[in-house]
Protein chains: 4
Amino acid sequence: MIIQLDKDISSAQLEGLKTEVSARDYQVREVHTQYGNYLVGLGKKAFDIRKIGHLPGVCDIHRVSDAYKLVSRKWKAEATHIRIDDTLSIGAGDLEIMAGPCSIEGEAQIEETVAHLVANGVRVMRGGVYKPRSSPYSFRGLGIEGLKTWYAECRKQGIRIITEVMHTEQIEDMLDYVDIFQVGARNSQNFNLLDALGEVDKTVMIKRGMSGTIEELLQSAEYVFAKGNERILLCERGIRTYEKAYRNTLDLNAIP
Amino acid sequence: MIIQLDKDISSAQLEGLKTEVSARDYQVREVHTQYGNYLVGLGKKAFDIRKIGHLPGVCDIHRVSDAYKLVSRKWKAEATHIRIDDTLSIGAGDLEIMAGPCSIEGEAQIEETVAHLVANGVRVMRGGVYKPRSSPYSFRGLGIEGLKTWYAECRKQGIRIITEVMHTEQIEDMLDYVDIFQVGARNSQNFNLLDALGEVDKTVMIKRGMSGTIEELLQSAEYVFAKGNERILLCERGIRTYEKAYRNTLDLNAIP
Amino acid sequence: MIIQLDKDISSAQLEGLKTEVSARDYQVREVHTQYGNYLVGLGKKAFDIRKIGHLPGVCDIHRVSDAYKLVSRKWKAEATHIRIDDTLSIGAGDLEIMAGPCSIEGEAQIEETVAHLVANGVRVMRGGVYKPRSSPYSFRGLGIEGLKTWYAECRKQGIRIITEVMHTEQIEDMLDYVDIFQVGARNSQNFNLLDALGEVDKTVMIKRGMSGTIEELLQSAEYVFAKGNERILLCERGIRTYEKAYRNTLDLNAIP
Amino acid sequence: MIIQLDKDISSAQLEGLKTEVSARDYQVREVHTQYGNYLVGLGKKAFDIRKIGHLPGVCDIHRVSDAYKLVSRKWKAEATHIRIDDTLSIGAGDLEIMAGPCSIEGEAQIEETVAHLVANGVRVMRGGVYKPRSSPYSFRGLGIEGLKTWYAECRKQGIRIITEVMHTEQIEDMLDYVDIFQVGARNSQNFNLLDALGEVDKTVMIKRGMSGTIEELLQSAEYVFAKGNERILLCERGIRTYEKAYRNTLDLNAIP
């Protein structure tokens with residue numbers, strides 16, 4: 001159950017509301033995001049939700065029986081558009097290509113790539129400066145200095161940056177140089193990282209785990225939303241199956 | 001290639017050795033653990049390793065062609081025993097049972113479990129105080145205070161504790177109350193966490209990822225070793241397959 | 001629902017019984033095996049089965065809610081022993097090793113193998129004379145003549161033969177030279193073959209499909225039983241997963 | 001290695017050719033289809049294939065190193081079009097929809113479906129009269145009589161029929177009432193069935209096995225071609241993975 005709260009709900013009204021919901025054997029969780037205030041109610045008892053819906057301070061109320069709540073499509077009247085910045089938003093019906101190399105390697109590579117993207121009308125560049133590598137001996141990326149160089153070049157040309165954040169401690173340093181934080185497949189259920197990304201006002205793209213289910217991916221998104229950040233993109237990047245003719249098996253069904 | 005260094009190798013000898021190895025188109029990485037000092041050489045060029053083996057400061061040298069090096073069985077003359085503490089070590093040929101609940105829930109549960117373990121000769125108790133949960137609304141464990149309570153009870157009875165650490169920031173707080181740090185399946189490739197656990201002198205048990213390969217598991221162990229910690233246990237906990245008759249499919253082949 | 005029939009049930013009693021069961025919205029299927037006569041009732045309506053149990057001609061009656069019925073463990077009072085021949089039966093608590101080469105290749109190989117089995121107390125030899133091969137150009141086995149040669153040698157030494165049958169048309173020719181018919185993983189859901197093997201009085205061993213579920217394997221066994229043959233062995237031979245370190249992943253959980 | 005033979009190659013030339021190829025340590029297999037005559041050479045020794053290419057009776061020669069040979073794309077100069085009948089062929093660049101129910105159930109259903117297909121310009125109707133069912137108690141289809149009824153209705157309206165054949169013994173009876181024989185996922189490696197379908201001059205559509213690899217699917221097609229039938233369609237029908245949100249995971253990568 002999701003209760004959308006009025007912007008100007010008083011704290012007395014909020015407490016009263018929580019008491020009413022709790023009285024029906026529901027756990028209550030307050031969620032405050034950049035776009036709204038919510039109560040998430042978790043319980044199993046059926047009751048007439050209109051009785052809650054009519055209470056002061058309630059804007060709207062929705063029954064959501066999925067394992068995830070706030071990221072469910074069921075209570076959204078309209079398709080979501082995710083704001084990247086003042087002039088770019090991504091959402092239903094549009095195709096936005098994000099392109100770039102696996103790793104950011106240096107200025108020459110950046111310049112060449114940016115020029116290519118600009119020439120082809122691509123507005124978002126991807127690349128890694130923190131690279132999760134199976135082996136500790138592999139190149140692990142240029143780090144924050146590489147990101148700054150990359151950012152400087154992109155800003156000149158109006159290109160946005162999506163790049164992977166691997167650890168909560170990197171978030172603050174990266175914040176000013178990133179347009180979209182990417183959570184990699186190996187961190188798809190790194191809940192501390194997801195929690196921390198829920199506390200920034202910046203778009204987060206969560207990649208599906210190597211053997212993650214759709215439901216798990218949506219629950220990972222719920223972590224981010226429940227901590228306060230509604231700007232979430234999901235990425236189907238292929239799953240791990242028995243087939244070895246290609247690296248991953250694209251799961252087309254996952255795309256609604 | 002793994003070069004075991006003499007304990008009293010001089011820094012001049014070490015530099016000379018690194019120069020010799022690098023000259024053969026090998027990358028060199030120094031590794032210092034609680035038990036020894038190593039150079040890991042990464043390259044493809046074949047050469048007579050005895051030429052390096054005879055240099056001053058070299059104790060022994062081994063060719064290891066696996067994707068992982070230090071954790072490879074190939075250069076170990078004897079089966080490994082992992083020291084937990086002064087009176088407990090775990091290793092080849094022994095069966096050591098670690099038992100306990102999914103989550104630590106409170107004193108009564110702890111006392112009852114500890115009594116049961118003592119009565120049955122079990123020496124290690126498992127349980128979670130930081131719980132990775134698919135849903136952000138599920139109980140996420142009692143945290144550090146729960147761990148302290150648990151530890152106090154276990155110490156009275158001589159029971160050791162194995163428990164999951166989810167985040168680098170938890171390590172320091174947990175250090176004095178844990179005998180074995182457990183890395184959960186979802187964090188099996190959380191390389192920042194593995195790096196950090198390589199810097200403590202405490203046993204680490206890494207669980208195989210939900211769809212992790214044997215090679216990936218060993219490479220995760222390599223992260224810990226390469227940062228300085230040789231006290232590593234690996235856990236086959238079942239993998240994710242198409243079969244839904246049970247939660248996970250135990251991969252018995254994974255156990256050598 | 002399984003109704004075990006009296007051996008001397010009259011046809012009038014049988015018809016009456018079927019009418020009673022059908023009247024409760026259950027489909028009825030008669031099954032006659034080498035060991036007994038059954039009615040399998042398929043329906044969802046709950047009723048007091050004792051009312052059927054008391055009818056003349058009924059020996060016993062059991063509720064079985066699994067997707068499979070006759071092969072369910074639920075209605076069996078005792079663990080099953082499968083008779084291979086007068087002096088060999090296989091079943092719960094015993095370990096019977098079946099060993100031999102992938103393909104039967106010729107007399108020398110047969111003689112050498114049989115001698116080895118006899119020396120080691122193994123009583124059943126496996127080998128293929130009809131080989132399912134991914135490629136049409138691979139060796140597909142010595143066929144019926146190879147089987148006859150093999151059989152002659154085995155009979156001299158008291159060794160039994162288990163070998164794969166790939167096609168219904170092979171059954172009759174093979175019947176006198178085989179102790180256990182093996183259904184290969186690729187034919188685990190070849191229902192025409194399973195039906196046909198239900199009509200012989202010879203043990204059948206069904207291998208689990210490469211990605212077959214436990215339930216599917218048991219349903220394949222149900223095909224054989226429902227056609228009249230209760231002498232069924234099941235074989236867990238490993239399943240196909242993402243892990244490529246070994247050819248198949250043994251699913252130990254599958255063994256009760 | 002594939003050698004395309006001249007239509008009017010003499011038997012002396014053919015024998016000479018086989019001798020030449022065998023002399024290079026290659027196994028030779030003659031293949032005669034409705035469209036051409038081939039020698040498939042299987043071996044590993046490298047040699048200048050032009051020496052064979054210049055021999056009398058040879059039309060063309062191709063090196064094919066895949067596990068499958070005749071169905072490889074590598075030796076085909078042009079994209080294949082598969083002839084269904086005089087007025088319908090299926091192939092690269094065209095989209096041909098085949099639609100219909102899981103099972104053929106009776107005249108009313110057939111008539112309604114055919115009318116719907118005609119109204120929508122669909123030219124091929126699918127449906128099952130022999131149904132592979134996990135449970136022996138499920139409806140297994142109307143069989144050959146159902147097929148005849150279906151065929152009569154389709155012929156009136158110019159609709160073609162694709163339907164599953166489960167067993168070699170069904171082929172002859174079905175032959176006059178089927179436009180495309182479908183091999184189901186469970187029979188994707190039923191090599192006796194594939195062999196038998198190689199001996200008819202009718203299009204065969206092979207569905208990928210539930211956990212079949214691309215290579216295995218192509219090798220199954222090789223069975224049909226090697227027995228003499230080049231009219232082969234392949235069907236990607238989704239594979240079995242850990243994801244249970246949908247019945248099968250469509251493997252889009254499988255489509256070239």
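A salt bridge here is a side-chain nitrogen of Lys or Arg within 4 Å of a carboxyl oxygen of Asp or Glu. The legends describe a predicted model, in which local features need pLDDT of at least 70, side-chain atom pairs count only at pLDDT 80 or more, and totals for chains, interfaces and linings use all residues. Residues are numbered from 1 along each chain as its sequence is written, chains are lettered from A and ligands numbered from 1 in the order in which they are written, and side-chain values use heavy atoms, with hydrogens and water left out.

**View 1. Salt bridge between C:Asp195 and D:Arg140.** The closest N and O atoms of C:Asp195 and D:Arg140 are 2.4 Å apart. Between chain D and chain C the count is four salt bridges. The two chains also have 19 residue pairs in polar contact, both residues at pLDDT 80 or more. A polar contact is a pair of N or O atoms within 3.5 Å; within protein, one must be able to donate a hydrogen and the other to accept it, and residues adjacent in sequence count only if both atoms are side-chain atoms.

**View 2. The side of chain D that touches chain C.** Strand 3 (37–42), helix 5 (168–174), helix 6 (191–197) and helix 7 (214–226) of chain D each give two or more residues to this side. Helices (H or I, at least four residues) and strands (E, at least two) are DSSP runs, numbered from the N terminus. Helix 7 of chain D gives the most, with five residues. By class, the side of chain D holds 11 nonpolar, 13 polar and 10 charged residues. Ala, Val, Leu, Ile, Met, Phe, Trp, Tyr, Cys and Pro count as nonpolar, Asp, Glu, Lys and Arg as charged, and the others, Gly among them, as polar. The contact (heavy atoms within 4.5 Å) takes 34 residues from chain D and 34 residues from chain C. About 3,100 Å² is buried between the two chains, and carbon and sulfur atoms give 45% of that area. Buried area is the accessible area (1.4 Å probe) that two parts lose on being put together, summed over both.

**View 3. C:Glu216 in helix 7 of chain C.** Helix 7 of chain C spans residues 214–226. C:Glu216 has a relative accessible area of 11% and is therefore buried, the cut-off being under 20% relative accessible area (1.4 Å probe, protein chains only). Leaving out residues up to four places away in sequence, C:Glu216 touches C:Gln189 and C:Ser211, along with D:Ser134 and D:Arg240.

**View 4. The contact between chain C and chain B.** Here 21 residues of chain C meet 21 residues of chain B. Together the chains bury about 1,400 Å², 57% of it on carbon and sulfur atoms. In chain C, C:Tyr242, C:Tyr246 and C:Asn253 lose the most area to chain B, together 40% of what that side buries. The count between chain C and chain B is two salt bridges. B:Arg208 and C:Glu243 form a salt bridge, with their closest N and O atoms 2.8 Å apart.

**View 5. Strand 3 of chain A and its partners.** Strand 3 (residues 37–42) of chain A has five of its six residues buried. Strand 1 (residues 2–5) of chain A runs antiparallel to strand 3 of chain A, joined by three bridges. Strand 2 (residues 27–32) of chain A is also antiparallel to strand 3 of chain A, with six bridges. Two strands pair if DSSP finds at least two bridges between them. A:Tyr38 is the bridge partner of A:Gln4 and stands opposite A:Val31. A hairpin through four residues joins strand 2 of chain A to strand 3 of chain A.

Methods: Buried means under 20% relative accessible area, exposed over 50%, partly exposed in between (1.4 Å probe, protein chains only).
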